[in-house]
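Hi,

Here is the structure I promised to pass on.

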Amino acid sequence: MKITLLSFLLSAAIGAQAQLAPLHVDGRYIKDDAGNVVNLHGFAQTYSPWFNEQGRVWTNYNVAACLKYNKGLIDGILAAGWKMDFVRLHMDPYWSNIPGQQTTGENDISAFDMNRFKKYLDEVFVPMAEYAIGKGMYVVMRPPGVCPENIAVGDAYQQYLLQVWGYVSRHPKLKDNPGILFELANEPVNILDASGQRAGTEELTAFLQPVVDTMRTHCRNILLIPGLGWQSQYAGFVEHPVAGTNIAYAVHCYPGWYNGGHGDDNVIVNYADFKKGWDEQITPITNMAPVIVTEMDWAPGKYKASWGKSYTGVAGGEGFGANFKKLADECGNVGWLLFTGPELLAQFKDEQPASGVYTFLNDPEACPWPCYHWFQEYARQRESEDARRVTAVELATSSYTLLPGTLKALCLMATFADGRQMNVAGDAVYTVSDGEVVSVRGGNLCALREGAADIGIAYTTPQGAVHRFHVSAKVTMFPLTADGFNPGIWEQGAFDEATGTLRTGRWGFGGWKYTGGLDLSAYRYLVVELNRRQSCAASFRLFDEPSYWSDPCMKDFGTSTRLVVDLQDMRKNKSGGKCDPSHLYIIGFWTNGSGDVSIKDVFVSDDGTTPSAILVPVSADAPLPVYNLQGVRVGTSDCMGGMPRGVYIAGGRKIVK
């Protein structure tokens, strides 16, 4: 057979990676070419003296020593019996920063030198990637360092990412390499809009989209998209996804994240709270796209050997590790790694201590021991026919109360023959009775405006059986219901739907969060009424930024049971600047936690007295306010041309459009 020079060079470049099946994104899954779902499980490596045992094994830019040590760790991990199928490779700035130039940390790119990066990409990072691939592991490559605390479209960090990924994505040994995935950035914290205020996912998508577009001119590798809040905020991607093919998302998770616990050296994790936070931020994106958790670990604080401080616990009860696995597995499309140092993983032995005295590596409450055995379990599942045969499908909830501009991840739980359960809402087909009230995007209910709608659900199992369900959804701005009111936006709280009674935690906050921002700019007033006077220093607060720690408009109740907020003249508490009613992200009640707040009603009003409804006096010369049949103001009579067809009320008369 004739071998061309080109085929020989390609073979030499790719090396031993041919044993790895090429991966691609198909809907909400990563799959191989045979159509098998692939959820990767692995570990992470960073190639710098400090991360390699604090400089005790090599230093001084010694490439040969670095490669020998880190290749030896891969060999040791596999020899210990770990069933690893990917490694997260950090292209550490140790190599690309100008030697001796001071920086303020890994988020400081002032010392970055592109020529050094190119040199050590070839000498360190590509050889390590090739070695891992040769051992049967996929490689997730992340850029040097971490994001600055604040990023913005057009800033120096966006230009840095464009430069780094523009080069990496056209590297002949990396582009279209079936063993290589790219994680675009590490831990964005905040993104700012053009005015310098904290913004949300829409701006992050605008920040990352040019990076993706640049890479797509060179390569088809799977790209992993990070979220805000140290890679913990993903619900906004449902409405503002990053466009392109082979797009997945990279998530981080540690004990206490996602409202999942509290404490310091041993975070106490409650499953119900953890699941609620996970379902708010992670399940929405897993209903649409695949996810890889690229940082996660835990152990009791006494070991001082992990980033996360907690214990394994029991799935469905207390503890972080077992509940993390339960939540990830039930999504069905979440791969994850163990962020424990590879030098420790290579020392692992599958033996319990005869003395009964545990260490970090063999304590069942620390991450290495259970993860070692879970990875073995995952490897067995990949070969099991029972892992693909559905025996039952159950709808978790048949009715929802939603806030306008928010979403709710649906839960349609399939049980498989091996006992495993998985949320298949993202695989179902939906019909909606009123698409102007709600839409369904990848297994997520998206609330568009006030009203009600019915949703039909049809899920077809891999064996061809069709299961049908129905869900009802009600969309309202300020629901005083158990599923619509959040008493724990800050600190643990409780809400009694029957009496409208809120008890926050100490210095706590309860109310409503609007993922996409609630637009109240069409109204003049917001009225808040209590059933009785409060005695817990309660105030009503409105935030026009998506962070609870931003500067809100604050109104104290004092001895009053009624507040009227002028939406057109709201002022922020600290800066005195205008609070914008066109995008309110958080609204609710702050208290010192010493007593209850008994809420009677919260409503928008054009006169500050009555709810905005059909009959509101207007000037004869002014355009008439127009209302839908639910009594919600939807515009004015001079702009009805842009409204959808339907029945409206204006000036006390029915109008059919």
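This is a predicted model: local features need pLDDT of at least 70, side-chain atom pairs count only at pLDDT 80 or more; totals for chains, interfaces and linings use all residues.

Residues are numbered from 1 along each chain as its sequence is written, and side-chain values use heavy atoms, with hydrogens and water left out.

Aromatics first. I paired rings of Phe, Tyr and Trp (its six-membered ring) if their centres lie within 6.5 Å; planes under 30 degrees apart count as stacked, over 60 as edge-to-face and the rest as tilted. That rule gives 49 aromatic pairs. One of them is Trp58 with Trp95, stacked at 5.5 Å centre to centre with 15° between the planes. Trp58 sits in the loop between β3 (41–46) and α2 (63–79) and Trp95 in helix α3 (residues 93–96), so this pair ties together parts 37 residues apart in sequence. (Helices, H or I with at least four residues, and strands, E with at least two, are DSSP runs numbered from the N terminus.) Both Trp58 and Trp95 are buried, where buried means under 20% relative accessible area, exposed over 50% and partly exposed in between, with a 1.4 Å probe and protein chains only.

Tyr61 and Tyr94 are stacked too, at 4.4 Å centre to centre and 15° between the planes. Tyr61 is in the loop between β3 and α2 and Tyr94 in helix α3, so here the parts tied together are 33 residues apart in sequence. With 26% relative accessibility, Tyr61 counts as partly exposed. Tyr61 also has Arg116 over its face, 5.1 Å from the ring centre; for this, NZ of Lys or CZ of Arg must be within 6 Å of the ring centre and within 35 degrees of the ring normal. Lys119 lies over the face of Tyr120 in turn, at 5.3 Å from the ring centre.

Next, the sheet. Four strands make an open sheet with mixed pairing, in the order β14-β22-β21-β18; two strands pair if DSSP finds at least two bridges between them. β14 (399–402) and β18 (429–432) are at the edges with a single partner strand each, so one side of each has no neighbour in the sheet. Inside it, β21 (residues 451–460) and β22 (residues 466–475) run antiparallel over ten bridges, and Gly451 has Val475 in β22 as its bridge partner.

How many salt bridges does the structure hold? There are 21, counting a side-chain nitrogen of Lys or Arg within 4 Å of a carboxyl oxygen of Asp or Glu.

- Arg220 bridges to Asp176, with the closest N and O atoms 3.4 Å apart. Arg220 is exposed at 60% relative accessible area, whereas Asp176 is partly exposed at 31%.
- Glu330 and Lys326 meet at 2.9 Å, N to O. They are four residues apart in helix α10 (residues 321–331), which puts about one helical turn between them. Glu330 is buried at 11%, while Lys326 is partly exposed at 24%.
- Glu529 pairs with Arg562, the closest N and O atoms being 3.2 Å apart. Glu529 is in strand β27 (residues 525–530) and Arg562 in strand β30 (residues 562–566), so the pair ties together parts 33 residues apart in sequence.

Cheers
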